[in-house]
Amino acid sequence: MKRTNTFAVRPLTGDDEQILRDLLDACAALWNEINYHRLMRYNDEDGFKGDVWDADTGALEGKYKAVLGASTAQTVRRANSEAWRGFFENKKAYHDESNTSVTEHPEPPGFRGNEDDGRVLKGVVRKDAYTVEWGDRSRLEMVVGKELRDRHNSPKSRLRLEIVGDPNWPNYEDQSRLELWYDETDSTFRASQPVTVSDDEQATPLADETAALDIGANNLVACTTTTGEQYLYEGRELFQRFRETTREIARLQSKLEEGRYSSKRIRRLYQKRTRRRDHAQDALCRDLLDRLYAGGVDTVYIGGLTDVLETHWSVETNAKTHNFWAFKKFTERLATTAEEYGISVEVRSEAWTSQECPQCGSTDRTTRHQDTLTCPCGFEGHADLTASETFLRRHQKSQISDWRTRREASRQRQTEQAVRPMARPVRFEWDDHNWSESPRSHRPKEQRTDPSTVHKDGNVASEESQTG
Ligand SMILES: [Zn+2]
C-alpha cells in the first residue's frame, strides 16, 4: 500500500535554517527556469523552438547542481516533467465529454513565485538522497550541494534537521521522493514522505458491524451503523462558500478580455476552493473512520446519489461541478482512508430512494422540505439520517435473507446483528480545521413521531419540549 507520512522539520541552528531556505529557494528557482522554457514552447513564443520536451533541461540542471546536488536537481526536473504530463492528461480528459473526472479547465504548471516578490520555498529530495529516523531524536538527513555546504561553512556532507510529529506509518518497506516546503501560515517547514507499507500494517476491524452512508451537499455525510449510532456531518456552510467562490470565478471570467481564459485571481480562487474542499473532506474521512473503527465496523455501504443531484444541483451547476464537489473523489478518498483501517467500502448504485418513509414504506407520498422528510402517515424525521437508516436496514434485510437460505442454523446470530435501536444522532460542524460536535448535537430539530422508530432514549420528549 502507498501511504504518506507528514511531519514538521526544525533546523537546529540559524545556519541550518539558512541552508534549508537557500536549498528550497534554489529548487523553486530551477523549477521556474525549467517551467519557463517549457511554457514558452507550449505557448509557441518567438524564439522557442519545438515542444515542451525539447527544452534543454540538462543545461539548467547543471547550473544548479553545485547548490542542490545532482540528485536534487534531477528530481526537480522530474517533478516538473510529471506536472506537465499530468497537465496534458487532464487537458485530454477535460475535452473528452464522456470523461467527467476533470472538472476545471486545466492550466499548465505554474511558477513558484518570482525573484522580486519572493519564491515559494518548495523542493524535492530524491528517494535515495535522504533518511528519516524516528526515535528519541527524530531526524531527517539529506543531501545538499557542495556550494551550499561551503557557503555556510558546513563540513557535513548531509544536512541534519530535527523532525517533529507522529508519523502514521513509522514502519515502511520503501520510500519515494520527499517533498519539503515552508508553510507561511504558521512559519514552519514541513515535509511529506510517501512510503510503501506492507499489508500487515493495515488495521483489523474489531467486529463485523456495518455502516451505511448517505452523501450529499448540504449534509456531507449522514451515517447510520448497526450498533445504533448516527452521525451527521453538516456541509451547508462549506457548500455555501463553494458556491460563492464558483460564482465569483464566473464573474471574473466574464470580465476577461477577449482571447484570455484565465487570470492570476481566477487561478487563486480555484486553488482556494480546491484546498478548502480537500481539507474538509480529508478531515471528515479521518474523523468518521476513526469512529466507525472504534465501533467495530468492517463494511461501509455508500448509497446512490440521485437525490442530491436532483434537488440541489441541477439548476445552478453543470454535471462536471456535481463531481467536483463530492461524489467520485470523496468516495475514493473514503475508500483509501478506510483501507488503512481494514474497513471495506462498497458503493451500491442500485436504485434506492431517500424519499422512502421508514414507517409505511411509501416513496411517492413523502415530501422533503429542507432537512425534514414528512409522510401523511405521520412520520417526520431528518431526511438524510432517515435515508442512511433505510439504506442500512434494507441492506441488512437482504443480507439476512441470503444468509437464511444458505445457512439456516446461523440465523440467530445474524438476526442479532440487525440494526439496533438508534442513539441520539451526533452532529458535526466544520470550523476550517476540525469537525467538532455541533452545539445543536443534543437538540435535534426533528424527532420521529412514530413510537416504533423514536430513538430509545427517555430524554427525547423533554428535549422536544425545550426546543419546540
Ligand atoms: Zn409513511
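In which sense do strands S14 and S15 pair, and over how many bridges? The two strands pair in the parallel sense, over four bridges. The legends below describe a predicted model, in which local features need pLDDT of at least 70 and side-chain atom pairs count only at pLDDT 80 or more, whereas totals for chains, interfaces and linings use all residues. Residues are numbered from 1 along each chain as its sequence is written, and side-chain values use heavy atoms, with hydrogens and water left out.

**Figure 1. The protein chain as a whole.** The protein chain has 12 helices and 20 strands; helices (H or I, at least four residues) and strands (E, at least two) are DSSP runs, numbered from the N terminus. Of its 468 residues, 46% count as buried, where buried means under 20% relative accessible area, exposed means over 50%, and partly exposed lies in between (1.4 Å probe, protein chains only). The protein chain exposes about 24200 Å², and carbon and sulfur atoms supply 45% of this area. Accessible areas come from the Shrake-Rupley method with a 1.4 Å probe, and for residues only the protein chains shown count as cover.

**Figure 2. Strand S14 and its two partners.** Strand S14 covers residues 297–302, and five of its six residues are buried, so the strand is largely enclosed by the rest of the structure. Strand S11 (residues 209–215) pairs with S14 in the parallel sense over five bridges; two strands pair if DSSP finds at least two bridges between them. Leu213 has Ile302 of S14 as its bridge partner. Strand S15 comprises residues 344–347, and its Ser344 is the bridge partner of Thr299.

Figure 3. Seven strands form an open sheet with mixed pairing, in the order S15-S14-S11-S12-S13-S19-S20. S15 and strand S20 (435–437) stand at the edges with a single partner strand each, so one side of each is left without a neighbour in the sheet. On average, neighbouring strands of this sheet are turned by 25° against each other, direction ignored. Axes are lines fitted to C-alpha atoms, for helices over the stretch in contact, and angles run from 0 to 180 degrees between N-to-C directions. Strand S13 (residues 230–234) and strand S19 (residues 426–430) run parallel and are joined by three bridges; Tyr231 has Val426 in S19 as its bridge partner. Helix H6 (residues 264–294) packs on the sheet and touches S11, strand S12 (219–225), S13, S14, S19 and S20. The direction of H6 makes about 170° with that of S13. Contact means heavy atoms within 4.5 Å.

**Figure 4. The zinc site.** The SG atoms of Cys357, Cys360, Cys375 and Cys377 coordinate the zinc ion at 2.2 to 2.3 Å. Donors are N, O and S atoms within 2.8 Å of the metal (3.2 Å for Na, K and Ca); water is not among the atoms, so sites may look incomplete. The four donor atoms subtend angles of 105 to 116°, which makes the arrangement tetrahedral, a term used for four donors if all angles lie between 85 and 135 degrees. In sequence, the donor residues are spaced C-x2-C-x14-C-x1-C. Cys360 counts as partly exposed at 39% relative accessibility, and Cys377 counts as partly exposed at 29%.

**Figure 5. The surroundings of Ser192.** Ser192 lies in strand S10 (residues 188–196). With a relative accessible area of 14%, Ser192 is buried. Residues up to four places away in sequence not counted, Ser192 touches Thr4, Asn5, Thr6, Arg177, Leu178, Glu179 and Trp181.

Methods
Four donors count as tetrahedral if all angles lie between 85 and 135 degrees; four count as square planar and six as octahedral if opposite donors are over 155 degrees apart and all others between 65 and 115; anything else is irregular.
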